[in-house]
2 protein chains.
Amino acid sequence: MTTIHRGAALVIGNEILSGKIADANVVVLARTLRACGWSLSRVVIIPDELDLIAAEVQVLSRGFDAVFTSGGVGPTHDDLTVDAVAKAFGATVESVPALEQMIEERYEGQATAGHLRMARAPVGARLVATPELPWPTIVMDNVWVFPGVPQIFAMKMSLLRQELGANSPFVTVELKTQLDEGHLKPHLDAVVAAHPAVQVGSYPKWRDPTCRTLVTFDGLDEAAVTEARDALYARLEA
Amino acid sequence: MTTIHRGAALVIGNEILSGKIADANVVVLARTLRACGWSLSRVVIIPDELDLIAAEVQVLSRGFDAVFTSGGVGPTHDDLTVDAVAKAFGATVESVPALEQMIEERYEGQATAGHLRMARAPVGARLVATPELPWPTIVMDNVWVFPGVPQIFAMKMSLLRQELGANSPFVTVELKTQLDEGHLKPHLDAVVAAHPAVQVGSYPKWRDPTCRTLVTFDGLDEAAVTEARDALYARLEA
């Protein structure tokens, strides 16, 4: 039997909660995890507050197979994620000599104390790098610490694919119909009842000329998923 | 003293967690709440599971001044929000005659049992409508139940502005600089320390020709906010 690992995302960012910008990282993480055969099971977005972040990291780390944080990893006063992750595990924070050296090389010996704050990591953390992404990612227990800047967050996904494995067992197929959900419901109910291993989603489309309702079928068994789709198709054609 | 009400968003949607679509509603809600003088303090995204939704509604309802849900309000098997909100408050669900009548009129007497499921609401809920939005929104205790379809969600925001009042006490100003965060940090630290009533955010920009770091200043006192911005500006010009 296939075991699906369950991940949680923790987005740290006043800028998202205040509406200054829209989060762009959750959908990228969701697609990456799915391609790795993982399920993103919960997302939490909270403000830049040390104790709040630490408490949430602790709860999510215990409740899920892995936690992926976004944001709060720069050198300034509002970058609290490294300290919060350390606190969640009762660890202290240290400056890592190998990271200090990378920073000194990057700034050709002109690195400030501010720049060198980027060398800090919780004691006991794993530092994961690849040849393409030499700057390491902090992994503390089952918590992956990613930056919030969307372009860098997206680049880091190759690391996840490498570490988690890219072999999605999920199969998804769709069916588009001009029926509205009210008319579709009895057919959907019959298909859902007859195909318990398939997750059926129904999504009304707003002023979409190609369909009024999009129906998705998800599961681990390709035959079962396509059978469910075909069963709905047959009912609608009848 | 100004009291800021704290709101929480609960997004219900397998389609977001599986990465089929990106959430579009959180940023819209965040901006609306901010314009109303409310703070969006927490966002949670969870799957379409009745007991999970009910438990989360209960937690958020007790922890925040109001909860705003997105998704799960259609007539199909994966639309569980109305039942979950009822369950969270120990209420049953009833079919509301006034809503049944609106549905019958909308479908000119051809409404199906599926369509009529849209008339269901928790016993004890308030139904809030406006002349522009005649289809009512369910408000159970402090929980506002909104649809997930982004176009409809956005339309519903006028209801919130009307009910919560559109009189934001928040003042936000920005400063853009070509300094990176490592160089900026000592100046930021000095300004943060000297202006405790102002929330200062620092955001590195990725390959943005106009600035390397965007600094934002938020607060309730316009004079204090602009003073903090001016103080940083003066330090950087010095």
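User: Which residue is the bridge partner of A:Val44 in β2(B)?
Analyst: Happy to start there, with a predicted model in which local features need pLDDT of at least 70, side-chain atom pairs count only at pLDDT 80 or more, and totals for chains, interfaces and linings use all residues. Residues are numbered from 1 along each chain as its sequence is written, while chains are lettered from A and ligands numbered from 1 in the order in which they are written. Strands (E, at least two residues) and helices (H or I, at least four) are DSSP runs numbered from the N terminus, and two strands pair if DSSP finds at least two bridges between them. Strand β2 (residues 38–46) of chain A and β2(B) pair in the antiparallel sense over 3 bridges, and there the partner of A:Val44 is B:Val44.

User: Which element gives the largest share of the side of chain B that touches chain A?
Analyst: The contact (C-beta atoms, placed from the backbone, within 7 Å) takes 48 residues from chain B and 48 residues from chain A. Elements of chain B that each supply at least two residues include α2 (25–35), α7 (150–164) and α8 (181–194). The largest share, 8 residues, comes from α8(B).

User: Which residue stands opposite A:Val139 in β8(A)?
Analyst: Strand β7 (residues 137–140) of chain A and β8(A) run antiparallel, joined by 3 bridges. They form a hairpin with 2 residues between them, and A:Asp141 in the turn has a positive phi of about 55°. Opposite A:Val139 stands A:Trp144.

User: Which residue of β8(A) is the bridge partner of A:Val67?
Analyst: Strand β3 (residues 66–70) of chain A pairs with β8(A) in the parallel sense over 4 bridges. The partner of A:Val67 is A:Val143.

Note on methods. Two residues are in contact if their C-beta atoms, placed from the backbone, lie within 7 Å.
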